[in-house]
Amino acid sequence: MAEEEGRTVELRQRKKTKPSENKEPAKEEKIKNTPIPERALKYVLFQRFAKFFIGCLAAVTSGMMYALYLSAYHERKFWFSNRQELEREITFQGDSAIYYSYYKDMLKAPSFERGIYELTHNNRTVSLKTINAVQQMSLYPELIASVVYQATGSNEIIEPVYFYIGIVFGLQGIYVTALFVTSWLMSGTWLAGMLTVAWFIINRVDTTRIEYSIPLRENWALPYFACQVAALTGYLKSNLNTYAERFCYLLMSASTYTFMMMWEYSHYLLFLQAISLFLLDSFSLEQSDKVHEVYKIYIFSLFLGYLLQFENSALLVSPLLSLVAALMLAKCLQLNVKKGTFVARMMKVINFYLVCTLTVTFNILMKMFVPHKENGHMLKFLEVKFGLNMTKNFTMNWLLCQESLQAPSQDFFLRLTQSSLLPFYILVLIICFLSVIQVVFRRINGKSVKEAVTLQDGQIGGRPEIIYHVIHTILLGSLAMVIEGLKYLWTPYVCMLAAFGVCSPELWMTLFKWLRLRTVNPILLALILSMAVPTIIGFSLWKEFFPRLMTELSELQEFYDPDTVELMTWIKRQAPVAAVFAGSPQLMGAIKLCTGWMVTSLPLYNDDDLLKRNENIYQIYSKRSAEDIYKILTSYKANYLIIEDAICNEVGTMRGCRVKDLLDIANGHVVCEEGDKLTYSKYGRFCHEVKINYSPYVNYFTRVYWNRSYFVYKINTVISFQS
């Protein structure tokens, strides 16, 4: 009887127990203890392998197809294969011409060591100036390309120019593949990667500058940054196994260092990434150990880059190093306080303040004790850009007039909207951002948050990799809203984030949980929408934009610039080998590439001396006397002067941004405050007056060649005064 009563009591107690307290653990234990049939296990493994294989195949194929597309488009645009070598080289404009010219110099060098020495002690480019071209212009891509070209015996198979641009196009393919993988890692489906690639190519006017200037440093560097972001995304995932985590760490280390070597401004972009990781760690949204391992990669890359970039002091005084040092020190000073308490929350605030203060302090101290040549003109430019200062300086105003340094135009947003990218990006960003805020408040209030977020939770903001990308895209977007040129850093990740969102069931489930959807099964609807929405977007993009892409490849364009070809031909045939040419920096870059002759200035804006040279040489388009111009040119040992009609007779679209207008402002020949009223100048504009061939201009300059676009004058060594 006692046993029966005991059983009855036990049975009653079980009946009274709430299902939420006992049923779930019982189910989980039952599921764990239930052996998985061998057939089912094989099927699951085969399904995962097939999904992984198809995704990898799609990612690699997308990258290869994009690289082939760029190659075909470049061929059609310039009719490249049917051009002579001189005409091909003219297609490299401005600073791109300088980069490719040094690649040519490396191939002509008798040995790799000799080529390196000539570049690091270069006195054959700019008159009266010896420069370390490798350090000043970040020529590591050209060094690598020249070594690979000669080591692989490619000189017997392919021409140097095709090998050079082929590497850049191949890197763009890697860029697209990395974006594909990042979106795939975040969403769990390779369909998101396909949509990312589609948006990237359709909006390529705003995602890359590869069509306008192939050898730009960012075209070499950003593919490595995309690989680093993909590896970081995988590294931050919570459910990552040990081997995958190690692979992501190694890939992240290699790509971070390579990115830093390829681009002189790379540490600024990594600084924004470090801020994103700091904010991620500040709210305990990720294990601190992982984040601090990334900080160690930054430290290693900075110091190794400092040593291999000829002790580049810019890396030591960079804000990235100061921030990482402050973060490391702040971690050492942290106290072990129980999470969720008031003291813990106060410590978070104190830690945030401590890091900000230490970062500024370290940066000031480093600049005090480390000799450096910081780009002071960049800080002055930002002051003028944001209205903190006014200036009449030619260089500052010229930079402000550049289209890439203006605020984004309405056309930019219109293009992104027409391709449906911007609306979906805003939707995804709002949902992810609000979910992140929700998770942060739960953390601050001490509520427990699951480490592994499931689909049923509807909490996409709880995933650390999502939080990182939300913070990072907001930072990049804020900069792109100020300076249009920075859109090339932001827009690719807009494509990736928008594609991830519409293909992610978790994002739709998060939205449905907020809406408290009950009429339809929210999980089923989220799965359906994550497949249906990207499919509809894909078909609409295919229908509207695919014919345009095919039309671009079918149309045979022609790059025709006979005046420049004639000028370069005349220089190579008639000018002495030791001659020095003066003119606009953009033209000087082309002359250095096409002829190899020495010039007085270069289209580079990271050196104060070169900036001053550019401003002085541009005086040929100002209202200065023949004697003043003669003194300026002879001070740089110039033998020939080239006047460009396009600059002298420029009709600018932006008011007050013509070169001659900016020179008049800098020289005090025009007063802006009085409605562009000209002040008295007894000299006419030099570029006009010198063409008339009367005294005193003919005393200093003798015209030796001209065509429709260019006028070449020999600078007289012995002045002959004529009446």
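**A buried serine and its helical surroundings**

Ser154 is buried, since its relative accessible area of 10% falls under the 20% limit for that class. The model in which this residue is described is a predicted one. Ser154 is located in the loop that joins helix H8 (140-151) to H9. Its side chain forms a polar contact with the side chain of Thr152, at 2.7 Å. When neighbours within four places in sequence are set aside, Ser154 remains in contact with Tyr149 and Phe163.

The secondary structure of the protein chain amounts to 34 helices and 7 strands. Of its 723 residues, 50% are buried. Among contacts between residues at least 6 apart in sequence, 72% link residues at least 24 apart.

The axes of H9 (residues 160-187) and helix H10 (residues 190-202) come within 7 Å and cross at roughly 140°. H9 is therefore oblique to H10, because the antiparallel class requires an angle over 145 degrees. The crossing of H9 past H10 is right-handed. On the H9 side, the contact is formed by Tyr175, Val176, Leu179, Phe180, Ser183, Trp184 and Ser187. These meet Trp190, Ala192, Gly193, Met194, Thr196, Val197 and Phe200 in H10. By class, the residues of this contact comprise 10 nonpolar, 4 polar and no charged. As background to the spacing of such residues, an α-helix has 3.6 residues a turn, so residues three or four places apart point the same way.

The buried residues of helix H25 (residues 505-515) are Pro505, Glu506, Leu507, Trp508, Met509, Thr510 and Phe512. These buried residues pack against H9, helix H22 (421-444), helix H24 (487-503) and helix H26 (522-554). Just after H25, Arg516 adopts a positive phi of about 55°.

Helix H13 (residues 242-262) packs with helix H14 (residues 266-282) at an angle of about 140°, and their axes are 8 Å apart. This angle makes H13 oblique to H14. Thr256, Phe259 and Met260 in H13 meet Ser266, Leu269 and Leu270 in H14. The contact of H13 with H14 contains 4 nonpolar, 2 polar and no charged residues.

The remaining features concern backbone geometry. Most residues other than glycine have a negative phi, and most peptide bonds are trans. Trp79, a residue other than glycine, has a positive phi near 50°. Trp79 is placed in the loop between helix H3 (38-78) and helix H4 (85-90). With a relative accessibility of 31%, Trp79 counts as partly exposed, because that class lies between the 20% and 50% limits.

Lys637 likewise carries a positive phi, near 60°. The loop between helix H30 (626-635) and strand E3 (640-644) contains Lys637. This lysine is exposed, with a relative accessible area of 53%. Finally, the peptide bond from Ser695 to Pro696 is cis, with omega near 10°. Pro696 belongs to the loop between helix H33 (686-689) and helix H34 (697-700).

Terms used:
Residues are numbered from 1 along each chain as its sequence is written. This is a predicted model: local features need pLDDT of at least 70, side-chain atom pairs count only at pLDDT 80 or more; totals for chains, interfaces and linings use all residues. Side-chain values use heavy atoms; hydrogens and water are left out. Axes are lines fitted to C-alpha atoms, for helices over the stretch in contact, and angles run from 0 to 180 degrees between N-to-C directions. Helices (H or I, at least four residues) and strands (E, at least two) are DSSP runs, numbered from the N terminus. Angles under 35 degrees count as roughly parallel, over 145 as roughly antiparallel, 65 to 115 as roughly perpendicular and the rest as oblique. A crossing is left-handed if the near helix is turned anticlockwise from the far one by less than a right angle, and right-handed if clockwise. Contact means heavy atoms within 4.5 Å. Ala, Val, Leu, Ile, Met, Phe, Trp, Tyr, Cys and Pro count as nonpolar, Asp, Glu, Lys and Arg as charged, and the others, Gly among them, as polar. Buried means under 20% relative accessible area, exposed over 50%, partly exposed in between (1.4 Å probe, protein chains only). A polar contact is a pair of N or O atoms within 3.5 Å; within protein, one must be able to donate a hydrogen and the other to accept it, and residues adjacent in sequence count only if both atoms are side-chain atoms.
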